[in-house]
Each structure stands twice: as structure tokens, then as C-alpha cells.
Amino acid sequence: MVRVAALCLCVLAMFAVLVSPAPAVELSGLSGDYLETRTCDIYTGPCFANAQVGLTGEDAIMAWSVDRGEIAGIDLAGLKVVAVVHAADTLGFGGGLEIRPDPIRSVILVDSQASSEQREALVDFVKTQAGRVLGEVVRIESVDIAMTADHNEMVGTLQAGKLAELTTRKMGQGDCVCTNETVFYPPLADVQNFEPAYTVSGGFAGRGLGTKWTNPRTRSSFLATFGY
């Protein structure tokens, strides 16, 4: 019980450091949908989470689909952007005194439909909303991005070229193993209305991070919204 309590406190401390709610750029009515998936269960019981800490969960995909709004006067409506992160330890734990699993590296995938100005604005937006969890951005690439989010059925889909993908469904009764499941890790970005979802398929197969991964059949995703 002492270990569980300590781990929970570590989650809260990590969340406070990783997520930076104060905008670094001028946002104007920006809102839309958000998807996230990790290489560990985010909806789980403490005993299962303890077995994963330090062994998995170093990777994540964060994806934003902008419905409306501007950044510094640049209209981003209809555009999408994805951040893929690889850390040295479980995201949400680790990092010792720094309270983060350094080193962290990331790749940003920008909607190929974006103009050069929109591309720069989307990158600034991701850096603001993901904050320190991005670590060092080692690659920025333009790709075709398709994304949907049905918050009633908890069905989310993401296809970023051939580099990153995600499909989710609603959690079912059979997805609860110990009947003590909860949202063990909060989202890595500043979002609202987040709910856990079951990952049907997901993964990253791009360059820049020195790793490729898949996380099918796990309780590892979020659907959420954002609005600033």
C-alpha cells in the first residue's frame, strides 16, 4: 500500500510538471478533438500498473484535430497535427529529482494540407500544449493525416501517412480484469473531457526516434477535447 501511495503521488507530481497550461502563443477560440495512446495501460489497477512501471510506457502518440480557431491570426480550422514521443522510462513516472524520464525525444507530424505559416503555427501549438513532455524535437515531417473522434461510442481513428496509426473502441465489461481499474495516468497534454478507450490497433513506424512499436489490444488510449 505504501508503494501504491508513493506511485500515485509521483503520477500527480509528474502531471504537474509535464503539462504546461499557460499558452506560449496567442490562441484565439482554438478547439477540437484529441487522441492519445501509450505503450502501457492508462486505465488499469494499481497492481497491474506496478508491474509495468519501468518496463514499458516509454512511447506515446498525441494527436490534435482543429475544428476552429487561430494562432496569432493564422487560421488552423480543419488541420491536424501529431506528436510521437519516446522517453527513457515510463511516461508519467521516473526521472528522479527531475520528475521526468529524460532523455525524451519527439517527432512532430504536420498536416500536409497546411501552408508554411500554418505548419509553423501547428508546431508552436504542439510545443505549447505538450510542454516539456516533447523533450527534444528531432524531426518535423509533413504527411497526410486523417483523424476522427466519436466521443459517444469512444471510437477514435488516426492515420498519419504510414508513420503513425490508432483505432479505439469503447471499454467493455470484459476489459476490467481486477475490477479496481481507474485512470492511472492522466493525459500528457492540456485537454478536457478525457475518457479512456480500448486500443484496437496503434503504433509508430517512422524515423527519428530509433524505435518502432505497436500496442494492439491494450487499455492504453484517451479520447478528449481541447478548447482555449
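1. Leu-158 has Leu-166 in S10 as its bridge partner. Strand S9 (residues 155-160) and strand S10 (residues 164-169) pair in the antiparallel sense over four bridges; two strands pair if DSSP finds at least two bridges between them. Strands are DSSP runs of E, at least two residues, numbered from the N terminus. Three residues separate S9 and S10 in their hairpin, where Gly-161 has a positive phi near 55 degrees.

2. This is a predicted model, in which local features need pLDDT of at least 70 and side-chain atom pairs count only at pLDDT 80 or more, while totals for chains, interfaces and linings use all residues. Residues are numbered from 1 along each chain as its sequence is written, and side-chain values use heavy atoms, with hydrogens and water left out.

3. On its other pairing, S9 is antiparallel to strand S8 (residues 145-150), over six bridges. Ala-146 is opposite Gln-159. Four residues lie between S8 and S9 in this hairpin, and Met-154 in the turn has a positive phi of about 60 degrees.

4. Asp-111, in strand S6 (residues 104-111), is buried without a salt bridge, that is, a side-chain nitrogen of Lys or Arg within 4 Å of a carboxyl oxygen of Asp or Glu. Lys-80, the nearest side chain of opposite charge, is 4.8 Å away. The Asp-111 side chain does reach the backbone nitrogen of Gln-113, at 2.9 Å.

How values were computed
Buried < 20%, exposed > 50% of the residue type's maximum accessible area, 1.4 Å probe, protein only. Lys, Arg positive; Asp, Glu negative; His and termini not counted. Polar contact = N/O pair within 3.5 Å; in protein donor to acceptor, adjacent residues only side chain to side chain.
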